Structure formats: C-alpha cells, structure tokens
Amino acid sequence: MVLLRAALVIPHYVVLSVWTLLAVPSVAIAWLALLIEGRLPPFLHRFLAAFLRYQGQVTAWFDLLSARYPDPLHTGEHPFRIELSERPRQPRLVTLFRLPLALPALVLTSVLNVVLALASVAAWFVALALGRTTAGLQELGTFCVRYALETQAYVTLLTSAYPRLAPPDVTTKLE
C-alpha cells in the first residue's frame, strides 16, 4: 500500500482543493462574525473544523503517520485528529490582528513542512524495507503535522490559542 499512496491521495487532494475554495471566503465571514459577536457561528465552526480535521487525516495518511485511509464524511472519528473546543469566545482585539500575529507561526510551519517532507521520504524507504516506519520518524512527523494543524486552527479562527512547540500530554485540545 505504501507504493501506491501517491496515486491514492489524488482524489483527496481534489476534495481538499474544492473545500479550500469554500473555506477561504468562510474564514473572511468568520473573521467578521468574531469581531461582531466574539465567537464563531455554529455552522462555520463545524465547517472549518471538519476541513481542518480532514486535511490532517490526508496529511497523516500520505506522510505515513496513519494507516487509516482518510474519510471526509467522518472527520471526528479518525484516530489521527485534532481536538477543538466547541465555539470558544475569542478576544476581538486579537481577532482583528490575527494574521500579523500568526506570521511567526506560519514561518515556522513552512520550515516544519520541509522537515515533514524529508521525514516522509525517509519513512517511505524504511516502510518499503521493513514494512513499517520507525517510532522516531513517526514522532517527528506527528510533531510537524500537529504544529501545522494548530497554526491553521489559529489562522482559520477556530481557536485563539497560539500554536505550541511543546507537545501535548495526551491529545491536542485547543480552546
């Protein structure tokens, strides 16, 4: 199955591309809603959270961090997922300046994406040779994906919690 992942991920990238076209204007609407009400409307929170979780599933599966095939209809039930609080209140001033505040995290995320790509290539060769990846490559990849998802959750206004470099104890729960 490792050998075919590049071909099998193509339908998921098509779904993610279409979903991204819908998510971008949704974030703009969410930004306005947060400035007015201080929290996301329920439908926007569910939509953006499902998008983020599905993107995490696809990334984890393609980068050999998860053996479970991504499922866009069941994003909350996948073993590789990010936990998000249900519509937390967010400070309006932080919301107003969210993108400039997110720049350092976005730069670090781009660096970690390069690290993830290198770790994935190494994991691919190890998986072809051993039939599994090593725990070290798994932890490194999981760290990179977790930080990227936390950054995206911050940028897409799902949470006001800034991404952390320290790994969570058990699960990632953003408020």
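This is a predicted model: local features need pLDDT of at least 70, side-chain atom pairs count only at pLDDT 80 or more; totals for chains, interfaces and linings use all residues.
**Overall architecture**

The protein has six helices and two strands. Read from the N terminus, the order of elements is α-α-α-β-α-α-α-β. The radius of gyration is 16 Å, close to the 16 Å that the globule rule gives for 175 residues, so the protein is as compact as a globular protein of that length. Along the principal axes, the C-alpha atoms fill a box of roughly 55 × 30 × 25 Å. Buried residues make up 43% of the 175 in the protein. Of the contacts between residues at least 6 apart in sequence, 69% join residues at least 24 apart.

Two packed helices are described by the angle between their axes and the distance between the axes.

| Pair | Angle | Axis distance | Crossing |
|---|---|---|---|
| α3 (residues 42-62) and α6 (residues 135-155) | about 160° | 11 Å | right-handed |

Helix α3 packs on α6 at an angle of about 160°. Because angles over 145 degrees count as roughly antiparallel, that angle makes α3 roughly antiparallel to α6. On the α3 side, the contact is made by Phe51, Leu52, Gln55, Gly56 and Thr59. From α6, the contributing residues are Val145, Leu149, Gln152 and Ala153. By class, this contact of α3 with α6 has five nonpolar, four polar and no charged residues.

The residues of the contact of α5 with α6 divide into 22 nonpolar, four polar and one charged.

**Thr151 in helix α6**

Thr151 is placed in helix α6. With a relative accessibility of 1%, Thr151 counts as buried, since buried means under 20% relative accessible area. When its neighbours within four places in sequence are left aside, Thr151 is in contact with Ala105, Leu106, Thr109 and Pro163.

**Two leucines with positive phi**

Most residues other than glycine have a negative phi. Leu64 has a positive phi of about 60° although it is not a glycine. Leu64 sits in the loop that joins α3 to β1 (83-84). The relative accessibility of Leu64 is 10%, so Leu64 counts as buried.

Leu157 is not a glycine either, and its phi is positive at about 70°. The loop between α6 and β2 (173-174) holds Leu157. At a relative accessibility of 1%, Leu157 also counts as buried.

**Summary**

Thr151 of α6 is buried. Leu64, in the loop between α3 and β1, and Leu157, in the loop between α6 and β2, have positive phi values of about 60° and about 70°, respectively.

Key. Residues are numbered from 1 along each chain as its sequence is written. Side-chain values use heavy atoms; hydrogens and water are left out. Axes are lines fitted to C-alpha atoms, for helices over the stretch in contact, and angles run from 0 to 180 degrees between N-to-C directions. Helices (H or I, at least four residues) and strands (E, at least two) are DSSP runs, numbered from the N terminus. Angles under 35 degrees count as roughly parallel, over 145 as roughly antiparallel, 65 to 115 as roughly perpendicular and the rest as oblique. A crossing is left-handed if the near helix is turned anticlockwise from the far one by less than a right angle, and right-handed if clockwise. Contact means heavy atoms within 4.5 Å. Ala, Val, Leu, Ile, Met, Phe, Trp, Tyr, Cys and Pro count as nonpolar, Asp, Glu, Lys and Arg as charged, and the others, Gly among them, as polar. The radius of gyration is taken over C-alpha atoms; the globule rule is 2.2 Å times the number of residues to the power 0.38. Buried means under 20% relative accessible area, exposed over 50%, partly exposed in between (1.4 Å probe, protein chains only).
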